[in-house]
Amino acid sequence: MTRSAEVSRKTKETEISVSVHVDGKGKADISTGVGFFDHMLDQLSRHSLIDMTIKAKGDLHIDDHHTVEDTGIAIGQALSKALGERRGIMRYASIDLAMDETLTRAAIDVSGRPFLVWNVGFSSPKIGTFDTELVREFFHALAQNAGITLHVTNHYGANNHHIAETCFKAVARALRAALEPDPRQPDAVPSTKGSLKG
């Protein structure tokens, strides 16, 4: 089964198209109009090995919020669509990811039940012109729409760019591990309920 999907989303605030290929090589073609966010999404694709094409046009004359949140919604919807019944996946994964002075943990359950636990703080409201609070907004939208339970904890770090980047990289690596095929039960839904649809 090809684990790929496309989603288009249009509102009065944003127009977004996303395509994902879960069993890819981490190839990214991303343009949201928000430079730092593009850089983070590139990390998400590269380290999860999920090929992503993301095109977004949003009301950036107001701020980046709608573009970032709605992109998270669209990526989450595309991932959920691509995974279907979630058969044969490992389902769970966690990783502690280091980058220079920063260490961040991401733990994932591809459960069908959306939930975000966010234990990440920033010492500044901005990274360049990017609002640091939007990092959480993105992952909340992603978790809610992908149907995953996601816990992200920054253990320590001094550089806000590094803290944000380790969040994206850690989630990417945990996604990669959780979505890997389980060779011992390639056709089974990894749940005693027989369903991972919530």
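This is a predicted model: local features need pLDDT of at least 70, side-chain atom pairs count only at pLDDT 80 or more; totals for chains, interfaces and linings use all residues.
As background, nonpolar side chains in soluble globular proteins tend to be buried together.

**Zoom in on L41**

Which residues does L41 touch, if you skip its neighbours within four places in sequence? Show I30, T32, I54, T71, I75, F138 and F168, and you have them.

**Find the sheet**

Next, switch to cartoon view and look for an open sheet of 4 strands. Its order is β5-β6-β10-β7, and the pairing is mixed. The edges are β5 (92-99) and β7 (115-119), each of which pairs on one side only. Ignoring direction, neighbouring strands here are turned by 10° against each other on average.

Pick β5 together with β6 (residues 102-109). These two run antiparallel and are joined by 8 bridges. For an example of a bridge partner, click on D96, then on R105 in β6.

Bring in helix α3, residues 133-146. It packs on the sheet, touching β7 and β10 (149-156), and its direction makes about 155° with that of β7. Then bring back α4, which packs on the sheet as well: it touches β5, β6, β7 and β10, and its direction makes about 150° with that of β5.

**Stay with α4**

Is α4 mostly covered or mostly uncovered? Mostly covered: 16 of its 20 residues are buried. At 1.5 Å a residue, the 20 residues of α4 should span 28 Å, and the C-alpha atoms at its ends are 29 Å apart, so the two agree.

Now go to the N-terminal end of α4 and select N159, which caps it. One of the side-chain oxygens of N159 lies 2.9 Å from the backbone nitrogen of H161.

**Last stop: I50**

Where is I50? Look in the loop between α1 (35-48) and β4 (51-58). The relative accessible area of I50 is 1%; buried means under 20%, so I50 counts as buried.

What surrounds I50? Leaving out residues up to four places away in sequence, I50 touches V20, H21, V22, G26, K27, S45, L79 and L179. Finally, draw a distance from I50 to E165: they are 115 residues apart in sequence, and 17 Å apart in space, C-alpha to C-alpha.

Key:
Residues are numbered from 1 along each chain as its sequence is written. Side-chain values use heavy atoms; hydrogens and water are left out. Contact means heavy atoms within 4.5 Å. Two strands pair if DSSP finds at least two bridges between them. Axes are lines fitted to C-alpha atoms, for helices over the stretch in contact, and angles run from 0 to 180 degrees between N-to-C directions. The expected span of a helix is 1.5 Å times one less than its number of residues. Buried means under 20% relative accessible area, exposed over 50%, partly exposed in between (1.4 Å probe, protein chains only). A polar contact is a pair of N or O atoms within 3.5 Å; within protein, one must be able to donate a hydrogen and the other to accept it, and residues adjacent in sequence count only if both atoms are side-chain atoms.
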